[in-house]
Amino acid sequence: MSGCCGHDAKFDGVSNDYKRRLWAVIALNATMFVVEMTAGHLAMSQALQADALDFAGDALTYGISLAVIGASVRARTNAALFKGLSLLLMGLWVFGSTLYRVFYVGVPTAEIMGLVGFLALLTNLVSVVLLARYKDGDANVRSVWLCSRNDAIGNVAVMFAALGVWGTASGWPDLIVATIMAGLFLSSAFQIVRQALAEKREIMDHKHVDAG
């Protein structure tokens, strides 16, 4: 997805409209985190729980993004680094817990997976529409878009996993999707951290030029 977000655009989030949209998606994502994590436990679905963590990651990302809007470039860059590392930890947790579930005997409830996955998809389509016009920008703004994208992709993946579980009467489709989502977390974390570090280098270069 890196090709859709230009690194030359440096929108920093200073916009009342952008802030209102962020508040809206924070409420949506926090609500769906509770709904999907509860459903994931009831359905014994690792994919649903992974997607719920994605919602939690989004809510955290949006909250931090709101907090640093209008702050210095250094503060926004440090916030993006924190969010990137948070995504990295979530990805590692999902990957590790999925490996553990490989040895767990039990088939997820496909009907709950499909229903909640569809509800989550509708929620994230609203979020994506709200944030689409602000997908380009600095590392802080870009991290918001990447997390929104993760949720939308994750919801579709959960629905495919539900179909696979229903068709095969096996938990493997659920575990495979959870692993893919862990990889998506790790990929997004790498992109966010890489851009944030690049922006930190730009800050240092400007300081050296000014000092010279």
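**The backbone just after helix H1: Met-44 takes a positive phi of about 55 degrees there.** The structure is a predicted model, in which local features need pLDDT of at least 70 and side-chain atom pairs count only at pLDDT 80 or more, while totals for chains, interfaces and linings use all residues. Residues are numbered from 1 along each chain as its sequence is written, and side-chain values use heavy atoms, with hydrogens and water left out. Met-44 lies in the loop between H1 and H2, where helices (H or I, at least four residues) and strands (E, at least two) are DSSP runs numbered from the N terminus. Most residues other than glycine have a negative phi, whereas Met-44 has a positive one although it is not a glycine. Because its relative accessibility is 29%, Met-44 counts as partly exposed; buried means under 20% relative accessible area, exposed over 50%, and partly exposed in between, with a 1.4 Å probe and protein chains only.

**The protein chain as a whole, with six helices and zero strands.** Followed along the sequence, the pattern of the protein chain is α-α-α-α-α-α. Of its 212 residues, 51% are buried. Among the contacts (heavy atoms within 4.5 Å) with a separation of 6 or more, 85% are between residues 24 or more positions apart. The accessible surface, calculated by the Shrake-Rupley method with a 1.4 Å probe and, for residues, with only the protein chains shown counting as cover, comes to about 9,900 Å², and 72% of this belongs to carbon and sulfur atoms.

The 28 residues of H1 should span 40 Å at 1.5 Å a residue, and its end C-alpha atoms are 40 Å apart, which agrees; the expected span of a helix is 1.5 Å times one less than its number of residues. Its buried residues include Tyr-18, Leu-22, Val-25, Asn-29 and Glu-36. A salt bridge is a side-chain nitrogen of Lys or Arg within 4 Å of a carboxyl oxygen of Asp or Glu, and by this rule the count comes to two. Arg-20 counts as exposed because its relative accessibility is 54%. Through shared partners, the salt bridges join Asp-17, Arg-20 and Arg-21 into one network.

**The largest nonpolar core, made of 32 residues.** A nonpolar core is a set of buried Ala, Val, Leu, Ile, Met, Phe, Trp, Tyr and Cys residues joined through side-chain atoms within 4.5 Å. Within this one, Leu-48, Leu-87, Val-94, Met-113 and Val-177 touch the most other members. Two or more residues each come from helices H1 (16-43), H2 (46-68), H3 (73-102), H4 (110-131), H5 (139-168) and H6 (172-211), and H6 gives the most, with nine residues. A second, separate core of 11 residues includes Ile-26, Leu-66, Val-141 and Val-144. Not counting residues up to four places away in sequence, Val-94 touches Gln-46, Ala-50, Leu-53, Ala-178, Ala-182 and Phe-185.

H4 has 22 residues and reaches 31 Å from its first C-alpha to its last, close to the 32 Å expected at 1.5 Å a residue. Among the residues of H4 that are buried are Met-113, Gly-117, Leu-121 and Leu-131. Asn-124 is buried as well, with a relative accessible area of 1%. Leaving out residues up to four places away in sequence, Asn-124 touches Asn-29, Phe-55, Asp-58, Asp-151, Ala-152 and Asn-155.

**A nonpolar patch on the surface, formed by Leu-85, Leu-88, Leu-89, Leu-92 and Leu-186.** Patches are made of residues with over 30% relative accessible area and no salt bridge, like charges being joined within 9 Å and nonpolar side chains (Val, Leu, Ile, Met, Phe, Trp, Tyr) within 5 Å. Together the residues of this patch have about 430 Å² of accessible area, and H3 gives the most to it, with four residues. Leu-88 is placed in helix H3 and counts as partly exposed because its relative accessibility is 33%.
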